[in-house]
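Hi,

Have a look at it first, then read on.

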Number of protein chains: 4
Amino acid sequence: MSAVHPTKKEVVSGYRRACILKAARKVFARHGFEGATMDDVAEACSIAKGTLYLYFKSKRQIYMGVFKQDLQILRETSQRAIDAAHSPGEKIRAFVTSRLAFCDRNNSFFKIYNSDASAIFVTPHPTHKELKEFYFEQSRVLESLIAEGIRSGELREVSPQAAAFAIYDMTRSLVSRRILGLADQAPLDEEAGVLLDLIWRGIGKDGPA
Amino acid sequence: MSAVHPTKKEVVSGYRRACILKAARKVFARHGFEGATMDDVAEACSIAKGTLYLYFKSKRQIYMGVFKQDLQILRETSQRAIDAAHSPGEKIRAFVTSRLAFCDRNNSFFKIYNSDASAIFVTPHPTHKELKEFYFEQSRVLESLIAEGIRSGELREVSPQAAAFAIYDMTRSLVSRRILGLADQAPLDEEAGVLLDLIWRGIGKDGPA
Amino acid sequence: MSAVHPTKKEVVSGYRRACILKAARKVFARHGFEGATMDDVAEACSIAKGTLYLYFKSKRQIYMGVFKQDLQILRETSQRAIDAAHSPGEKIRAFVTSRLAFCDRNNSFFKIYNSDASAIFVTPHPTHKELKEFYFEQSRVLESLIAEGIRSGELREVSPQAAAFAIYDMTRSLVSRRILGLADQAPLDEEAGVLLDLIWRGIGKDGPA
Amino acid sequence: MSAVHPTKKEVVSGYRRACILKAARKVFARHGFEGATMDDVAEACSIAKGTLYLYFKSKRQIYMGVFKQDLQILRETSQRAIDAAHSPGEKIRAFVTSRLAFCDRNNSFFKIYNSDASAIFVTPHPTHKELKEFYFEQSRVLESLIAEGIRSGELREVSPQAAAFAIYDMTRSLVSRRILGLADQAPLDEEAGVLLDLIWRGIGKDGPA
DNA sequence: TATGAATGAGTCTTCATTCAT
DNA sequence: CATGAATGAAGACTCATTCAT
């Protein structure tokens, strides 16, 4: 099995794919899907244009490749942070901060991710389905953390789904603003702190009332 | 003066522009900016391609035209709702609900708006600058409502800007999910209620404690 | 007959044609035939584009109109100068100098004329035939002046046709250079003098010898 | 190095460029720059339209390519003929006759060359600058031959520049007439002889007088 | 007669994809 | 496997000409 003894061929092939994806990520982040050309990608990884087609069936396949790879990494990073936390509250905090940190670091990924999240509106491509699933998967992760928090009494009785979406969206949007330079570039921790405070306590003067 | 006695020519010309914008809105919503062709737009309003260029200098100008028109309407609708409310809290609620209602109704606008909000990441076009300004303008409206709420003691001491962004983003994202069919299609009021509850009280068990 | 009692209609019509030709001359001189647009012409004579088609069947017809009009004036100017001279030698000089002076003054005409003289090479349009005929007509005028000079003993026995062409061409080219600013802008008289001296005596040290 | 061992690729590429230029020359000669389409050119050398853009950046670049190539050949041909002659007089004759012969053979070049020489009047394009320089370069060659002839006593004291222009222009115009079929198609030698006789001795009855 | 809005054929150029070497 | 030359479909935009008013 290739899993056991990757042949030399497979190693080289894997290397090539990785190289293409890396180059493509940069290119797509800079020019967007439509704006990027296969020539750009080929040049960015010092490879012939035709070769790209040996590893990916089309421009869109490359795009999806970049996408899935990043999503996978984000998933894992996020999961690790959650696992390392102990209370539901801490886990939710971990979800938010790990995500903020990841996107802050990999902003070329985020640009693509976010761009696509909108393109989803227009032509529904396979990429989009993938994204949709990821979106749900992630918000379900959050949802179950919230549900657990409610059970443990750490959180008040809210709709786990609604709360999950709200947190998820605020997180995503905060990243957007930071990457676009639309907000003051306060340290990430601080911004995360403010955001978590809002999530936790809302803006109202007094609790349950 | 044209304001007083719009000539027949002006009426026709105005009608044509409106007609083009209307058709273009649909086309752009369906195919995105890149995906839409001038032929599509022309056909959608049953005029010759060349005619489009009598009213708009370029494809992008049409796009911007659609954009600005919708933005303007949203701005006004929103403002009216805010003005009709009395306490800061009510005004914030009005901001959120009017916006949700507007986007729910005009979803082809929202598709464009949102799509562009992401394209902003890649090539910074004039449209994008416009959008950025609108984004800030709107979040500042919210910001000042929040500041007022804090002064009046209705809200606790939060960062008005951070809170404004958070509310704005959650609202926007909720619309996205609804339009994409990513969430249960509960009645808008209900969803708005849930969202506002979260905004108001957060998810934590008890307030300041 | 209209020649006798031009109706008011004819007068207006004539005025319009003249106005169009005048505007067109400028436009064609500046942008060339291909580069000029009917909009340019219409604007240049403050008239609606459609109106142009009431007076001329097509863009090319306008062009030809400009052309023929100028050619006619040049023809007449030149002829008057020749008639005023007495000896064949003087007449030849008159031919050259009147032409130089005319083109120097009407350089927008000359630009068109010359441009067309070359376009003649490519697609043989009716305009070109006209031009060809004019070219021959003018060189025949010169030819017969030369023949007369030979008969009168003022000129040596040369091929009248060859000499006519040579003189004609040198004159035309001198104008080109002046209009293009390719040569020192000496006073026209002086340049004409040098040219005529060359025509008369050639460059060789001594005659037949 | 490519100069030593042109790779197969270079050979093919060179061949393609040459092929395109050859086809383009014909097309431009027949339709002019504006009248020629990229489709025409592509078809004329039996390649796809897109392929043209692999070798030239734009229509205009192809045009300029044709141009420069021909100019270079004419330059060299002419220079060789001049070098082979011994006295200044012979060299001038060589200049004229080699040029006549060249243009007579390559008349599609001449059509372009001449056409452009006029287009120079309208929009000053880079091509035109190139042409202008060539024009001056060539007339300076002639000018120095004349100056030398004057020094050697073979020619009378004339303005070398004026004489150079005159000869150059007559030569060019003679070619025009021949290509256009405006003159009797006498053998080239004969026409050259007549022209040179005129240049040498002018048309006047007696020498210095 | 005068207008100028409408038309749509025609142009250059780009770029994803194929395929012979 | 790798290459990169070749392809040709597609798209934005122009402009001479027409025609309803």
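Let me start with the contact between two of the chains. Between chain B and chain A there are 4 salt bridges, a salt bridge being a side-chain nitrogen of Lys or Arg within 4 Å of a carboxyl oxygen of Asp or Glu. One of them joins Asp169(B) to Arg177(A), with the closest N and O atoms 2.4 Å apart.

A word on the ground rules: this is a predicted model, where local features need pLDDT of at least 70 and side-chain atom pairs count only at pLDDT 80 or more, while totals for chains, interfaces and linings use all residues. Residues are numbered from 1 along each chain as its sequence is written, chains are lettered from A and ligands numbered from 1 in the order in which they are written, and side-chain values use heavy atoms, with hydrogens and water left out.

**Chain B against chain A**

The contact (heavy atoms within 4.5 Å) draws on 52 residues of chain B and 53 residues of chain A. Together the two chains bury about 4700 Å², 62% of it on carbon and sulfur atoms; that is the accessible area, taken with a 1.4 Å probe, that two parts lose on being put together, summed over both.

There are also 4 residue pairs in polar contact between chain B and chain A, both residues at pLDDT 80 or more. A polar contact is a pair of N or O atoms within 3.5 Å; within protein, one must be able to donate a hydrogen and the other to accept it, and residues adjacent in sequence count only if both atoms are side-chain atoms.

Which elements of chain B give two or more residues to the side that touches chain A? They are helices H1 (8-35), H6 (107-119), H7 (126-151), H8 (160-180) and H9 (188-201), where helices are DSSP runs (H or I, at least four residues) numbered from the N terminus. H8(B) gives the most, with 15 residues. By class, this side of chain B has 27 nonpolar, 12 polar and 13 charged residues. Ala, Val, Leu, Ile, Met, Phe, Trp, Tyr, Cys and Pro count as nonpolar, Asp, Glu, Lys and Arg as charged, and the others, Gly among them, as polar.

Chain B superposes on chain A by a rotation of 178 degrees with 0.1 Å of shift along the axis, at RMSD 0.4 Å. The two copies are thus related as by a two-fold rotation axis.

**The DNA**

DNA strand E is surrounded by 32 residues, and Arg16(B), Thr51(B), Tyr55(B), Arg16(C) and Tyr55(C) are the closest; a residue counts as near if one of its heavy atoms lies within 4 Å. On the base side, a nitrogen is 3.0 Å from a polar backbone atom of Gly50(C), and an oxygen is 3.4 Å from an N or O atom in the side chain of Lys49(B).

For DNA strand F, 31 residues surround it, the closest being Tyr55(A), Lys49(B), Arg16(D), Thr51(D) and Tyr55(D). Its phosphate oxygens lie 2.7 Å from a polar backbone atom of Ala48(D) and 3.2 Å from one of Ala36(B).

Cheers

Definitions and conventions
Copies are superposed by least squares on the C-alpha atoms of residues with pLDDT of at least 70 in both.
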